Amino acid sequence: MLRKLKEKIFLFSIAIATFLTILPLFHILFSVFANGLPVLMKGEIEFLTGKLAPPDDGLGGIGPAIIGTFLLTFLASLIGLPIAVLTGVFSAEYPKSLIGKSTKTLLLIMMEFPTILVGLFVMNILVLPMGSYSALAGALALAIVMMPYVAVYTEQALREVPFIYKEGAFALGLRRSKVVFRIMMGMARKGVITGILIGMAKVAGETAPLLFTAGGSSRIYFAGLDKPIGAIPLLIYQLVQQPYENYHQIAWGASLILMLIFLAIFIPIRLSIKEVRL
Amino acid sequence: MNAIETVNLRIWYGDNEVIRGVNLVIPEKVCFAIMGPSGCGKSTLLRSFNRLLELNEIARIEGDVKLFGKSVYDMDPVEVRRRVGMVFQIPNPFPHMSIYDNVALGVKYNKLVKSKKELDEVVGWALKKSALWDEVKDRLKDKASQLSGGQMQRLCIARALALKPDVLLMDEPTANLDPVSASKVEELIHELKKDLTIVIVTHSPAQASRVSDYVSFLYMGKLIEVGRTEEVFENPKSELTEKYLTGRMG
């Protein structure tokens, strides 16, 4: 009797703990929808394309920030993905080499590294010499944040391919490059693509690395790679610090857009990438 | 000329010596079986013939392996593996590729054909040689993972044959197959040895006696006995071999 009671109490406490853990997630989803949706309905299409309204004067739009987020994510991927994937391949192929071993450790440290320090670093090497915030600096900072995720996922995915396939490929007289990029990558593609998408989703929502690099822009869409550029998280951060009611509303709307972009990247990760059947 | 010859071959994994001075001569166009209990070094020995052992970082090799008189260590490993095909214990066609691509892959990347038409011919030829053609000719674009275990193994044989190798290494090719599929593979061996040399590793004396012309018995990394299959089975010279053949040691 007592044992059954204990078990019930145990189960109940686990259920409560689980509920408390996921509660914030649902609360965020709910409050962003509840506060953001009315703004979107009111602002209509102009909210997505227009420029920021003046203080206390309507909604305008967050067009420059949306364009900025897409551009920054794209540029960051352009810079970061090739390097990161190759790094992952290297540490999977040469796990016992000194470089392979240290790369793995460094990547794991980089993953947990405070992103604001990445921003500071890029400010020092790009923003100060160039004398201006720029899209390029923002993209570089995001690329640095993105790379360890992609590299670690790539490495992991390649290592999960059973050794028999690698042997099989080599036994056909294929060169190592062909074995890795045609066979192993093909079989590991789910993991690699997951890593890429997680990296992209991660940087699309990043604020800290952009603070000292991208600069932000809410009224100019795009002025050049060497000029400041906007980003949705950056805009939200800047808007909520303002005393104007309409800016707070715009921030809610922008949050909803950011969340939708994030979900749009994440849902395919879980659903559509076909697993390789062994 | 002999297809494969090993000279004082010794192989270590780290400090552990697994092949202890093996001198083996494998004639051309026969089926040569290497039998022995598990862990005796059969697979290791086989993998030294096509230099696949080098994928294992802790493996160290001493002595020599000659392919038609020429040391494989003087050759490009890619060239060695093109001429010495291999079929593995676990059927390992590339599951993300089509049946066609699995066979075409090695031919294409080794640049053995000049046109798509020629490639089609080679793929068809290899699938017919491996007795798989009738079962897959209408579904060449299907993923290899949709085949049954026995079909997968014959696909692996086709994949190896497509490179037109001189030697085919088979590492317990029927160990993971059902009896019907296994006997199909054994029939194939009889057919294939007309054109190329087959070296098959097996832990089953029964299988060795069914498929091979020559047989060798490997025990604890040493070559105990080698000879024509009938002779070894009827009249083993070594007591160890006799024990193994009569099932008093496995």
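**Exercise 1.** Which residues of β7(B) are buried on one side of the strand, and which on the other?

*Solution.* The model is predicted: local features need pLDDT of at least 70, side-chain atom pairs count only at pLDDT 80 or more, and totals for chains, interfaces and linings use all residues. Residues are numbered from 1 along each chain as its sequence is written, while chains are lettered from A and ligands numbered from 1 in the order in which they are written.

Step 1. A residue is buried if 20 or more other C-beta atoms lie within 10 Å of its own, exposed if 12 or fewer, and partly exposed in between, with C-beta atoms placed from the backbone. Strands (E, at least two residues) and helices (H or I, at least four) are DSSP runs, numbered from the N terminus.

Step 2. B:Val167, B:Leu169 and B:Asp171 are buried on one side of β7(B), and B:Leu168 and B:Met170 on the other, so that both faces are covered.

Step 3. Five of the five residues of β7(B) are buried, so this strand is largely enclosed by the rest of the structure.

**Exercise 2.** Determine the strand order of the sheet that contains β7(B), and its pairing.

*Solution.* Step 1. Two strands pair if DSSP finds at least two bridges between them. The sheet is open and has six strands in the order β6-β7-β8-β3-β9-β10 (chain B), with mixed pairing.

Step 1. β6 (84-87) and β10 (222-228) of chain B are the edge strands, each pairing on one side only. Neighbouring strands are turned by 15° against each other on average, direction ignored; angles run from 0 to 180 degrees between N-to-C directions, and axes are lines fitted to C-alpha atoms, for helices over the stretch in contact.

Step 2. β6(B) and β7(B) run parallel and are joined by four bridges, with B:Val167 in β7(B) as the bridge partner of B:Val84. Five bridges, also parallel in sense, link β7(B) with β8(B), where B:Val199 stands opposite B:Leu169.

Step 3. By contrast, β9 (residues 214-219) of chain B runs antiparallel to β10(B), with six bridges between them. Here B:Gly227 of β10(B) is the bridge partner of B:Val215.

**Exercise 3.** Which strands stand at the edges of the four-stranded sheet of chain B?

*Solution.* Step 1. This open sheet has the order β2-β1-β4-β5 (chain B) and antiparallel pairing.

Step 1. β2 (16-27) and β5 (70-71) of chain B are the edge strands; each has a single partner strand, so one side of each lacks a neighbour in the sheet.

Step 2. Two bridges connect β4 (residues 59-67) of chain B with β5(B), and B:Lys70 is the partner of B:Leu67.

**Exercise 4.** Describe how α3(B) packs against α4(B).

*Solution.* Step 1. The axes of α3 (residues 99-109) and α4 (residues 116-129) of chain B come within 9 Å and cross at roughly 120°.

Step 1. Contact requires C-beta atoms, placed from the backbone, to lie within 7 Å. Among the residues making the contact are B:Tyr100 and B:Val103 of α3(B) and B:Leu119 and B:Val122 of α4(B).

**Exercise 5.** How many residues of chain B are in contact with chain A?

*Solution.* Step 1. The contact involves 21 residues of chain B and 18 residues of chain A.

Step 1. On the chain B side, α2 (77-83) and α3 each supply at least two residues.

How values were computed:
Two residues are in contact if their C-beta atoms, placed from the backbone, lie within 7 Å.
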